[in-house]
Amino acid sequence: MNRNSLRARVTAFYVGMLALALLFFSVAVYAGARAYLTRSMERSLSNTARTVVADYLVPLDKQGQAWFLAEMSESYPPGIADPFVRVSQGGKVLYQSGDIRDPLLRVTTLPLPADPLNLSSFHRATDAAGQPMMMYTMGYRPPSGALILVETGASMEPLTHLLYSLLKILLIATPAILLISAVGGYLLMARPLRPVVELTEQAEHVGLTHMGKRLPIIPSGDELERLSLALNRMIERMEEALAHNQRFSADASHELRTPLTIIRGELEALLQIPDLTPPAMDGISSALEEGDRMSRIVNSLMTISRLDGGGERMEMLPIDLTNILQVTLEHMGLMAEEKEIALECQITAPVFVTGDAMRLKQVIVNLVDNAIKYTPNGGRITVRLLAENERAALTVADTGIGISPESLPHVFERFYRADRARTRESGGTGLGLAIVKAICGAHDGTLFIESEEGKSTTLRIELPLLNLSPRQVADLQHSAAQTVRVQPTPMASEDPAEEFSQTKM
Ligand code: ADP
């Protein structure tokens, strides 16, 4: 359970509110019950005292002592339960009902009230054994004689016991109610939040490959529906901006191609003029070189824009990636040799994917070319291709200069170069990895990079694996062999180094 999730926070909030309400409720119930029981007890004691006065003390003078004692012992016999009644006059007990037996209270030994100010008031007392009691004392002055005191008393034990039981119930029930509400509330919250979770999951996928997707509309008629509609409108606006950007790059590079070709043609024609002075020759050659570089950039930009926008024509066919890899590395071996770099290829079995052979070749060229470019003389490059977990995984690892952690997140951006001075010298355009990323995206692939500055860089590409039957494999290998024999790869040239420095975009 994520403590910061909306579900957990809402549950915690309402359980907190419930806890507060239950606390108030429990305190109110306990205090109310305590006040009610105490008042009932007081009323019962005062009523008893008043009854004794009205029924037995007022007629005492007329009826006599014997009648009084008989009536009192009949009405208030030494009993098993409350109340205790004691009538005294001038420190002499006229009648007392005796000890209470259930629960046992030795009340007969209680001292007689000494303070006349205590009359008509309730007070707490304890019996000989320390048991708590509530006492009420009432005075009655007969027409002929001294003040008669009537004491009534009862044990506080039943009241204390009741309140203790109530407290126990509240202390057990409150946490139990809170626990049930917390678990129930947490589980119940899952339902209304499900659309939000779905919305989040879908939103995670928007823009991973292309924007095309829309979020599901939550038909709740509330803020959630408005949120899903607003997010979709936002995606639409982003899509438009992105499409505009891609169109602009594609159009600009397309428009630049023709004048660039003309400029290069004109420069080449100028070079043919006899008797050119050496400075003029140098100037024209340098302009031609820059023209070539510009053409490469423009072509790369156009490719990326088209691949990203889905406008690039691709021949998606089942192919054996190991073939492409072997042929490409064979051609690039010379470039590695020139820098005394060991170029090792690890392939165990054919790996089939659906893809455009030329584009995938371009990916390998770009990655290996970078590895050679950024690995000092005497280094090592290991290219590995294997099928694992339904994916074709191509890894190019080098022991080169590596990439700093600050640059690492940006190397797939267009025109980004980790170290401008160094890469300019090596002739890079900063578009090689952007093309790799675009081709990867067009093949539903994923791209990973790991690097340790000054030590190594590893690029890994994963493409969906194509599972073929042995017969399909044999057919494919046969047709591939034919293609290689009949139609040599369009990139083959006399000098592989030259070929690949031109191919890498
Ligand atoms: P460039 O044409 O400059 O090589 P890329 O897009 O191919 O452009 O690469 C972008 C940047 O990433 C490079 O400028 C370089 O700094 C860094 N980079 C790419 N591959 C490697 C590598 N194998 N080792 C070290 N740095 C690399």
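## Overall architecture

The protein has twelve helices and 14 strands; these elements are DSSP runs numbered from the N terminus, with helices (H or I) of at least four residues and strands (E) of at least two. The model is predicted, so local features need pLDDT of at least 70 and side-chain atom pairs count only at pLDDT 80 or more, whereas totals for chains, interfaces and linings use all residues. Residues are numbered from 1 along each chain as its sequence is written, and side-chain values use heavy atoms, with hydrogens and water left out.

Of the 505 residues in the protein, 36% are buried. Here buried means under 20% relative accessible area, exposed means over 50%, and partly exposed lies in between, with a 1.4 Å probe and protein chains only. The protein exposes about 29200 Å², of which carbon and sulfur atoms supply 58%; accessible areas come from the Shrake-Rupley method with a 1.4 Å probe, and for residues only the protein chains shown count as cover. Among contacts (heavy atoms within 4.5 Å) between residues at least 6 apart in sequence, 64% join residues at least 24 apart.

## The nonpolar core

The largest nonpolar core has 46 residues, and L367, V368 and V383 have the most contacts inside it. Such a core is a set of buried Ala, Val, Leu, Ile, Met, Phe, Trp, Tyr and Cys residues joined through side-chain atoms within 4.5 Å. The elements that give two or more residues to this core are α6, α7 (321–338), α8, β11 (380–388), β12 (391–398), α10 and β14 (456–464). Among these, α8 gives the most, with eight residues.

## The ligand site

Which residues come nearest to the ligand? Of the 20 residues around the ligand, these are N370, Y374, D398, T429 and L433; a residue is counted as near if one of its heavy atoms lies within 4 Å. By class, the shell has eight nonpolar, eight polar and four charged residues. In this scheme Ala, Val, Leu, Ile, Met, Phe, Trp, Tyr, Cys and Pro count as nonpolar, Asp, Glu, Lys and Arg as charged, and the others, Gly among them, as polar.

| Residue | Protein atom (N or O) | Ligand atom | Distance |
|---|---|---|---|
| Y374 | side chain | oxygen | 2.8 Å |
| D398 | side chain | nitrogen | 2.9 Å |
| G432 | backbone | oxygen | 3.2 Å |

The ligand has 530 Å² of accessible area on its own, and the protein covers 100% of it.

## Helix α10

Is α10 largely enclosed or open? Eight of its eleven residues are buried, so α10 is largely enclosed by the rest of the structure. The buried residues are G432, L433, A434, I435, V436, A438, I439 and C440. They pack against α6, α8, β13 (446–452) and β14. Just after α10, D444 takes a positive phi of about 60°.

## Selected residues

S295 is found in helix α6 (residues 278–309) and is buried, with a relative accessible area of 11%. Its side chain makes a polar contact of 3.1 Å with the side chain of R264. Not counting residues up to four places away in sequence, S295 touches L260 and R264.

V52 lies in helix α1 (residues 6–57) and is buried, with a relative accessible area of 0%. Residues touched by V52, leaving aside those up to four places away in sequence, are L57, M72, Y76, V85, V87 and V150. V52 and Y76 are 24 residues apart in sequence and 9.7 Å apart in space, C-alpha to C-alpha.

Technical notes: Polar contact = N/O pair within 3.5 Å; in protein donor to acceptor, adjacent residues only side chain to side chain.
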